[in-house]
Amino acid sequence: MVNFILNRILQSAIVMFVVALISFFLFNFVGDPISNMVGQETTVHDMNALRERLGLNDSVIVQFGRFILDALNGNFGISYRLQRPVDELISERMPATLELVFVSAVIAMVLGVAGGLFTGLKRDHWLSKIILTSSLVGVSLPTFIIGILLIYIFAVKFNWLPSFGRGEVVDLKGGWSTGLLTVSGWKAIILPSITLALYQTTLILRIIRSEMLEVMRTDFIKFARARGLKSRDINYGHALKNTLIPVITVAGLQIGSLIAFSIITETVFQWPGMGSLFIQAVQFADVPVMSAYLVLVAFFFVIINLIVDLLYFVVDPRLRSEIKN
Amino acid sequence: MFFKSKPLILAGLVLGAVVTQTAVPAYAENVLRYTNVGDAPTLDPHALNSLVTLMADVQMYDALVMRNPDMIKVPGLATSWKNIDPNVWEFKLREGVSFHNGNPFNADDVVFSIKRAQAETSQMKGYVNTIKEVKKIDDHTVQLITEKPNPILLDQLVNIFMMDEEWSKEHGVETPQNFSGKQETYAVRHENGTGAFKLESRDPDVKTVLVRNENWWGNNTYKHNIDKVVWTPIANDATRVAALLSGEVDLVTDPPLQDLNRILSNDKLKVEKTSQIRTIFFGFDVKSDELRNSSVKGKNPFKDVRVREAFYSAIDINAIKRAVMRGMSIPAGMIIEPPINGYKAEWDKNRLPYDPEKAKVLLAEAGYPEGFSVQLDCPNNRYQNDEAICQAAVGMLAKVGIDVRLNAQPKTQFFPLITGKGTDFFLLGWGIPTMDSGFIFDYLLHSDGSWNASGYGTPELDAKIEAIRGIVDVDQRNKMIEEIWIQVQKDMPYLPLHHQVIFWAMSKKLDIPIEPNDMPRFYWATMN
């Protein structure tokens, strides 16, 4: 078990290194940050001096080596755009993204599991048909359209919810700022979290439904019925448990992509998280922020996968006995 | 398990939220809620020469010379100035002015600030590089000594904000950020100016709050009634407009063109517009011996003025105005705009008319009866509808036989083509902070101009451009400026398209004069 975890952590280091390397080669295509950093009055000589000072004249390999060495020392450089240390910027923005992802994941799990169970158990109910049809919207409409639609309905038309921002935030100890302790914070998180959760909800709903249909046909359910168990125990105790392995796999991977793809939702709602920081970095060709962000997202993916693997052991007794043998 | 416990957690959180509800602040004071597309990266007045940084700083810092909304120079921290010798300007400083931390403002601060703006790491040094020496005469008199007579020194000083010497030394910000220190400098998120507003809080990209400076020297002159400015940038166009429509913000200085009608149909909102100090034009490489991406090999068709005129005649500027700019542009016949010294309305009026037949004839005369192909480099996130303008031009040029391949890309990739002089045919916009033709001559029309991607320039023209840098006599100088423009209008190295129009959308409760440099100054505003 310990070996397994150590192995995974070693793998994660390799993944992060490769992501950093690839992204450094891609940075050549995002353009020149210098023209954003200086005004039109700047002479070519001064522009070159700045480029030299930032080390942009060195080859990609040299720049990459410098990034890795600095990163190993905990120094991710200074943002070209905001002129502040990158690690500070990212850690300031991380709470906003993680809170958004957390709320979205909860929404997706609750609605997805509930909807999946309902449509799986009562497949011919009229409500099941409505749920299944409307859930298609979740997968077929692009996130930003859904976001804009929600803004126009709930912010512009009815004036119930704010169209942008995070509301009032409360600074907690340890540098974490939360919007979940104020009313305006909760109001602000509703629309973006629904937007972000919609796709995942649909996905989980459909997986649970098809797994449920499968499981309900199996022998052990029939036997359970024959034994006269309450249908509530059968449905939620035995059947649901057996659908969870694929759900955990998908949900785990989806939390990774919630973090990575919150970029679009954050941009639409001006949510001050890491995603909007990254988008602005791309537009500015702010290489230090881009590289640190990509490495961090790679790290998240690896860690989430590790947690998913560990959860399998909890849910599936067969795996546990395999290890013992 | 998930099924039962998650809603409980959620309910708990909601409950917790209600219990810890914070008091809603009372808005008896006048709060101006402002949004635009992006925040100022830094508040350091000399670290970055960008419009949005200058806009943020002008609320908190003052310059020696300022401009009123019509762009006329008015006294700022200097109450008067005179040219006591062609190379020496003497400024009388305003007395009794103090910085936001209470330190008095005096001649030492002026000497310090100008030297700081001249520092190696300063991005404002282009405005002060003619100043050889800054001399303190007494506490409220300074002299600026230039190497050569500089007729636009006052215009340049408008962008140089005055900082407090003691404060800067105390916080280790005697020079602007140099990026090698690997850490943030104090002036990036803090300020200590003399200006109309003080910084209350700053969360870059999220929210910046400014409060009225009761001790501002200008409060008697500029009677604004704004107590607080809350600036929350919104990057997404649709969201920015939604925030205005829903009444969450009072002022948007960059609403997208296509949403103007929707904004105007809301009876709580209004739109102010004015002609911007920025003209959009195409440029041709008139210098290279062969174009980089063209079907014509061994020669450069753009060297022939007839080809340039053919392109000019092939562009239907009124169609661009109507279809692309939705009526919000002013067709241009020259590449500077009304408030700039050197502008002449007749040149705008005499813009070559749309005449595709004439274009074909000119191309045939130049030896290209079948036309040719060329690449057009175009930014797609810099000017109003920039890519759409280029797309429209591609269609128009196709009608006269020119096969244009459009290469539209973000400004970070586009601008290096201009400054690196690696483009055959490009779209560019140009604004002039000094309000004088000399600026555009230096950058776009002198052979050595750093943004002169057209390569245009002749020794005679270069000599004239260099000469006007040092001529102080207004009539003589203006005569030379006119001579240069006459030559440029004849040579057509640039194909003028239109002067941009800026529009600010705002709540009807707010009155704020729109400024041609696209910088709202909140101390002109009133709310009711």
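Axes are lines fitted to C-alpha atoms, for helices over the stretch in contact, and the angles between them run from 0 to 180 degrees between N-to-C directions. In the predicted model, helix H9 (residues 305–314) of chain B and helix H12 (residues 356–365) of chain B pack at an angle of about 165°, and their axes lie 8 Å apart. Because angles over 145 degrees count as roughly antiparallel, H9(B) is roughly antiparallel to H12(B). The crossing of H9(B) past H12(B) is left-handed. From H9(B), the contact is made by B:Arg306, B:Val307, B:Glu309, B:Ala310, B:Ser313 and B:Ala314; H12(B) contributes B:Pro356, B:Lys358, B:Ala359, B:Leu362, B:Leu363 and B:Glu365. By class, the residues of this helix–helix contact comprise seven nonpolar, one polar and four charged.

Chain B also contains an open sheet of four strands, in the order S4-S5-S7-S6 and with antiparallel pairing. Strand S4 (78–85) and strand S6 (131–138) of chain B form the edges, each pairing on one side only. On average, neighbouring strands of this sheet are turned by 20° against each other, with direction ignored. Strands of a sheet pair through backbone hydrogen bonds, in either the parallel or the antiparallel sense. Strand S5 (residues 88–93) of chain B pairs with strand S7 (residues 141–146) of chain B in the antiparallel sense over five bridges, and B:Glu90 has B:Gln143 in S7(B) as its bridge partner. The antiparallel pairing of S6(B) with S7(B) extends over six bridges. Within S7(B), B:Ile145 stands opposite B:Glu133. S6(B) is joined to S7(B) by a hairpin through two residues. Helix H3 (residues 107–117) of chain B lies across S5, S6 and S7 of chain B and runs at about 170° to S6(B).

At the level of domains, the assignment for chain B gives domain 1 (31–61 + 177–275 + 502–527), domain 2 (65–169) and domain 3 (277–501). The centres of domain 1 of chain B and domain 2 of chain B, taken over C-alpha atoms, are separated by 25 Å. Contact between these two domains involves 21 residues of domain 1 of chain B and 22 residues of domain 2 of chain B. The side of domain 1 of chain B that touches domain 2 of chain B consists of nine nonpolar, nine polar and three charged residues.

Chain A is divided into domain 1 (1–81 + 284–325) and domain 2 (92–273). Taken over C-alpha atoms, the centres of domain 1 of chain A and domain 2 of chain A are 29 Å apart. Eleven residues from domain 1 of chain A and nine residues from domain 2 of chain A take part in the contact between them. On the side of domain 1 of chain A that touches domain 2 of chain A, nine residues are nonpolar, one is polar and one is charged.

The contact between the chains takes 57 residues from chain A and 52 residues from chain B. On the side of chain A that touches chain B, at least two residues each are supplied by helix H2 (34–37), helix H3 (44–53), helix H5 (86–121), helix H7 (143–157), helix H8 (183–216), helix H10 (231–268) and helix H11 (274–284) of chain A. The residues on this side of chain A are divided by class into 32 nonpolar, 19 polar and six charged.

Methods. Residues numbered from 1 in each chain as written. Chains lettered and ligands numbered in written order. Predicted model: local features only at pLDDT ≥ 70, side-chain atom pairs only at ≥ 80, totals over all residues. Domains from an automatic or database assignment. Contact = placed C-beta atoms within 7 Å. Nonpolar A, V, L, I, M, F, W, Y, C, P; charged D, E, K, R; others polar. Parallel < 35°, antiparallel > 145°, perpendicular 65-115°, else oblique. Left-handed = near helix turned anticlockwise from the far one by under 90°. Pairing = 2+ DSSP bridges.
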